[in-house]
Amino acid sequence: MDKASHATARTGDFARSPLPPMPSRRVAVIGAGPAGLVAARELLREGHSPVVFERAAGVGGTWLYDGEASAEPLGAGGVHGSLYASLRTNLPRECMGFLDFPFVADEDSVDPRRFPGHQEVLRYLQAFARWFDLHGLIRLETEVVSVRRSGDASWNVSYCRRKLAGADAGGELQEEEEQSEVFDAVVVCNGHFAEPRVAENAGIDGWPGKQLHSHSYRVPDQFHGQVVAIIGYNPSGMDISRDIAGVAKEVHVAIRAAPAGMQSTTAHANLWLHPMIDRAEEDGSVVFQDGGRVKADAIVHCTGYKYSFPFLEDDEEAGVVAVDDNRVGPLYKHVFPPRLAPRVSFIGLPFKAIPFLVFQLQSSWVAGVLSGRIELPSPKEMMQDVAAFYTDMEACGRPKRFTHDLGASMFEYKDWLVERCGLERIEEWRKAIYVAARGRVRDRPESYRDEWDDDAQLLEQAHRDLATYL
């Protein structure tokens with residue numbers, strides 16, 4: 001996909017009316033994944049001057065595949081990517097793309113399937129960056145090391161260029177001297193797939209087998225002929241368990257709510273579903289909560305990630321934004337810390353959502369607030385809103401770690417952002433296709449990517465609407 005495949009008639013003015021002259025801010029954007037790219041684009045549209053810092057050697061964030069596994073099987077170990085080689089999207093193309101830059105298969109596609117592999121998503125993001133001339137704003141191989149206040153209304157961003165030297169220099173990481181610049185605002189878009197979260201199981205320290213987190217998983221070869229226990233059955237657990245089942249002797253998946261008919265839930269004769277692990281034993285046994293046990297060679301933790309903002313930890317204001325059991329807060333509507341708004345914001349924290357859509361709407365909101373076009377409530381009112389949200393969660397018995405899980409509230413949140421940003425109503429087919437896709441993941445985990453039964457008229461409407469942007 002390149003500029004030749006897109007007309008300018010619609011992509012430059014999605015659902016917008018002409019804006020009056022407003023203040024232009026110099027904004028540091030941390031991360032050049034999908035959230036950082038669309039944040040930079042929305043800031044530009046609003047008349048701001050973004051500078052994007054990206055520690056990797058290319059754009060794409062989590063979609064930039066890194067074939068190297070971590071040297072720390074249960075940690076990040078300096079490895080940027082978390083993708084495994086076989087990963088495909090779990091949402092169809094119609095839902096995946098930004099609103100005004102459709103994710104469609106074309107003559108340049110490396111994977112034209114409706115649920116394509118990660119290489120196709122990276123190609124799409126690279127095309128997005130080219131189309132909107134974002135590369136000139138992006139400083140690759142540049143890691144932000146600290147963000148600190150600089151006066152009453154600006155922020156000092158310290159960064160360091162880290163580049164992998166060529167073979168003639170031994171292939172070592174070369175680090176330049178730390179530098180600093182002052183910005184009017186900071187938009188944090190560093191994602192949440194970098195700091196692995198590992199299950200805590202009784203006896204695991206004395207268990208003799210091999211352990212790794214899905215962050216370090218790439219291909220299944222190392223598990224050939226082995227008995228493997230997998231903890232977690234969200235998208236990565238579902239995919240990796242089936243990937244490994246193709247070479248392993250047995251695969252045993254521990255999930256929070258194992259169905260009664262365990263074996264019938266999978267098409268693999270060597271893959272079983274169990275309740276969560278109760279304990280691990282020194283003889284290599286893994287004991288499940290129902291008393292079942294297996295002697296396993298390896299445990300793979302498909303247990304998700306922790307939100308992490310190491311560049312904020314040393315700031316004197318670090319206590320204003322904290323991570324507690326994966327709750328980043330306090331944040332007004334998952335974006336603005338009330339005491340720092342609008343000069344600090346976070347894009348891309350919510351999960352169980354349509355990610356690129358949410359990133360774009362949050363970015364549009366942030367850009368409009370920074371220019372003064374959109375007004376925020378007072379810090380006191382924002383804190384009251386956050387407190388009410390936390391109270392509702394507690395009353396429903398929801399743990400803190402689900403704070404940014406949009407789930408059933410995703411479309412309510414989307415509509416709220418659309419209204420705040422003054423955008424046009426988003427097409428209803430996006431919700432219908434998303435809901436149908438999520439249902440198929442639950443009901444047909446083996447085949448949902450290649451077998452679907454969406455309403456033909458709905459798909460026709462989606463493709464007709466998307467074609468207006470091409």
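**Exercise 1. Classify the lining of the second largest cavity by residue type.**

The lining residues divide into three nonpolar, no polar and five charged. The classes are: Ala, Val, Leu, Ile, Met, Phe, Trp, Tyr, Cys and Pro nonpolar; Asp, Glu, Lys and Arg charged; the others, Gly among them, polar. This is a predicted model: local features need pLDDT of at least 70 and side-chain atom pairs 80 or more, while totals for chains, interfaces and linings use all residues. Residues are numbered from 1 along each chain as its sequence is written, and side-chain values use heavy atoms, without hydrogens and water.

Step 1. List the lining: Leu357, Phe411, Lys414, Ile426, Glu427, Glu428, Arg430 and Lys431. A cavity is a set of points on a 1 Å grid, over the protein atoms alone, where a 1.4 Å probe fits but cannot get out; lining residues have an atom within 4 Å of a point.

Step 2. Assign elements. Helix H8 (410-421) and helix H9 (428-443) each give two or more residues. H9 gives the most, with three. Helices are DSSP runs of H or I, at least four residues, and strands are runs of E, at least two, numbered from the N terminus.

**Exercise 2. Trace the salt bridges of Arg114.**

Step 1. Find the partners. Arg114 meets Glu94 at 3.1 Å, N to O. With Asp454, the closest N and O atoms are 2.7 Å apart. A salt bridge needs a side-chain nitrogen of Lys or Arg within 4 Å of a carboxyl oxygen of Asp or Glu.

Step 2. Asp454 lies in the loop between H9 and helix H10 (456-467) and Arg114 in the loop between H3 and H4, so the pair ties together parts 340 residues apart in sequence.

Step 3. Check burial. Asp454 and Arg114 are buried; so is Glu94. Buried means under 20% relative accessible area, exposed over 50%, partly exposed in between (1.4 Å probe, protein chains only).

**Exercise 3. Work out the order of the five-stranded open sheet.**

Step 1. Read the order: S3-S2-S1-S8-S21, with parallel pairing. Two strands pair if DSSP finds at least two bridges between them.

Step 2. Find the edges. Strands S3 (138-139) and S21 (344-346) each pair on one side only.

Step 3. Examine one pair. S8 (residues 185-188) joins S21 over three bridges. Val186 stands opposite Val344 in S21.

Methods: 1 Å grid on protein atoms, 1.4 Å probe; cavity = no way out; pocket = protein on both sides within 12 Å on 5 of 7 lines; lining within 4 Å.
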